[in-house]
Amino acid sequence: MTLRARLVVGLAIIAIVLIVPLVIARSAMIDLHSQVTQLRDKEVRTSISLGNLRDAVADVRAREVALGVTNGDTAVYRGLREKISVAQLLADSVTATFPDSAGPTAIRKQLDQMVPIVEREYAAYEAKQIAQGDSISQRSMVPAIDAAEGSLKSIERLIINKTAARVDATQARLDDAQQASLGGLVVAIIIAAVIGIWLMRSISKPVRELDRGMRAVAEGDLSHQLDLSPQRRDEFGRLATSFRTMSQQLAELDKLKAEFVSVASHELKTPINVILGYLQLMQQGIYGPLSGKQAEILTTIEAQGRTLARLAAQLLDVTRFEAGGGRIEPRALQLAALFDDLERAFHVLAVQRGVEFRLTLGDGLPDEVQWDPDRINEVMGNLLANAFKFTPSGGTVELSATPADNHVRIEVRDSGAGIPPDQLPHIFEKFYQADNQGAASAMGTGLGLAIAKEIVEAHRGEISCDSVLGEGTTFTLLLPTEVRLRRHTGQHRAVELEAVS
């Protein structure tokens, strides 16, 4: 699945699972609207009709009392009959709303029974039989009205109970919908989180791997292998293929460059040596006497020629090490003699520069180590020369050595200009020169530290640098006390070295 398809599918699933709680909530709102509509259309309207019926029955009671007081006034009688008719119509409306309830039907019957009672009461009053009319009112009409009001109270209780039951049912449905929505939301969030993590890992892991690969290539490791299969059927598979092709092409170009520099350096050595040879012959007067000015010019040419010869030798050295053809020849080396030679060699330079030079040897150092004396002397000479070059007059250069678990730790410390922190990772690269060259007494080629690193690593050792700008620099070497050679055939006929611990 391609990255684009993976993103589309993941986002679609996240959208779907997030829509589910919305659907549940919408369904709950629709159900709530239905319940509210039913309450409005049935219970609320019935309550209004029941209130009107209650008022009509109260009017009937009031008219019945007025009929007794007026001893059967015709207008009052007609008003009473009219109120009973209105109450009957309202009772029919309530009966239609509650067809399954006996309360409204009972009220209707009670109102129907009031009609003949009122007629007999009116007839008694009209016949001037006041006592009989009052008796009919008290014994028949008033109990009928009381019974109707009792039925009204029963219907009111019924409506209240039904309304409460409907409200409770609606509340229960709302609670269920709320729980379902919350549950759906939690599930949706979990699913969305899982899909998001899956998408993030499926994208971020290859991106991190590509970032590591690009950093490795930028640092010169052209053999770095990505933990990404080129067989992947997505964009990262194509990127892995492109990365592998790029690394191979860069490795081939680097090899060609090293071979070219090696060949060029080797070919330069012959003409340079010829030039230096003729210069020596001219200085010796083989081709005739020289004037003072000519001798001075030849001396300058010879110095520049030897600088060029040294640069060619350094280029040849560094390219040989990079190509796997750099060789060292470990043999017994007296540590005390090595450091004594270094102290004597740089004592004159220290005096000339006005720099204090100290040598410190720790207790427990082995008397003898198995190193390549010439190569180690080259490394130490390069580090000490740099220290003196960047240390002003009145400063200090210190060379120290201490034992460290079958290794020897050597430090070259100076109180010179220091190296900017952002440039420290690059100082062992070929031709790299830090921004502190202005403080140097002489310009370099940028190859010395690169060669020193190759020589130290050929001894299976380590070299590092710590520096504080404006305070000084410390180079640290950690070398095994013994290096054993094991020869084998290979692409470059290299000599494999193994540290003996």
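Hi everyone. What you see is a predicted model, where local features need pLDDT of at least 70, side-chain atom pairs count only at pLDDT 80 or more, and totals for chains, interfaces and linings use all residues. Residues are numbered from 1 along each chain as its sequence is written, and side-chain values use heavy atoms, with hydrogens and water left out.

Let's start with the overall picture. The protein has 9 helices and 9 strands. Those are DSSP runs numbered from the N terminus: helices are H or I with at least four residues, and strands are E with at least two. Of the 501 residues, 36% count as buried. Buried means under 20% relative accessible area, exposed means over 50%, and partly exposed is in between, using a 1.4 Å probe and protein chains only. What about contacts, meaning heavy atoms within 4.5 Å? Among contacts with a separation of 6 or more, 69% come from residues 24 or more positions apart.

Now, the sheet. In which order do the strands of the open sheet lie? The order of its 5 strands is β2-β4-β5-β7-β6, and the pairing is mixed. Two strands count as paired if DSSP finds at least two bridges between them. At the edges sit β2 (356-361) and β6, each pairing on one side only. From one strand to the next, the twist averages 10 degrees. For angles like this, axes are lines fitted to C-alpha atoms, for helices over the stretch in contact, and the angles run from 0 to 180 degrees between N-to-C directions.

Let's walk across that sheet. β2 and β4 are parallel, joined by 6 bridges, and L361 has A401 in β4 as its bridge partner. Next, β4 (residues 396-403) pairs with β5 (residues 407-414) in the antiparallel sense over 7 bridges. Here A401 turns up again, this time with I410 in β5 as its bridge partner. β4 and β5 make a hairpin with 3 residues between them, and D405 in the turn has a positive phi of about 55 degrees. Moving on, β5 runs antiparallel to β7 (residues 472-480), with 8 bridges joining them; one of the pairs is E411 with T476 in β7. Lying across β2, β4 and β5 is helix α7, which runs at about 170 degrees to β2.

Next, the cores. A nonpolar core here is a set of buried Ala, Val, Leu, Ile, Met, Phe, Trp, Tyr and Cys residues joined through side-chain atoms within 4.5 Å. The largest one has 41 residues, and W371, L399, I410 and L477 have the most contacts inside it. Elements giving two or more residues to this core include α7 (335-353), β3 (368-371), β4, β5 and β7. Helix α8 gives the most, with 7 residues. There is also a second, separate core of 31 residues, which includes L53, L90, I107 and I145. As background, nonpolar side chains in soluble globular proteins tend to be buried together.

Have a look at helix α9 too. Why is α9 described as largely enclosed by the rest of the structure? Because 8 of its 11 residues, in the stretch 448-458, are buried. Those buried residues include L449, I451, I455 and V456. After α9 comes R460, whose phi is positive, near 60 degrees.

Last topic: salt bridges. We count one when a side-chain nitrogen of Lys or Arg is within 4 Å of a carboxyl oxygen of Asp or Glu, and that rule gives 16. In one of them, R108 meets D112, with the closest N and O atoms 3.5 Å apart. Both lie in helix α3 (residues 102-126), 4 residues apart, or about one turn. R108 is partly exposed at 25% relative accessible area, and D112 is partly exposed at 33%.

Another pair is R375 and E378, with the closest N and O atoms 3.2 Å apart. R375 counts as buried at 15%, while E378 is partly exposed at 32%.

Finally, R413 and E398 form a salt bridge at 3.5 Å, N to O. This pair links distant parts of the chain: R413 is in β5 and E398 in β4, 15 residues apart. Both belong to a network of salt bridges that links E356, R358, E398, E411 and R413.

Methods
Contact means heavy atoms within 4.5 Å.
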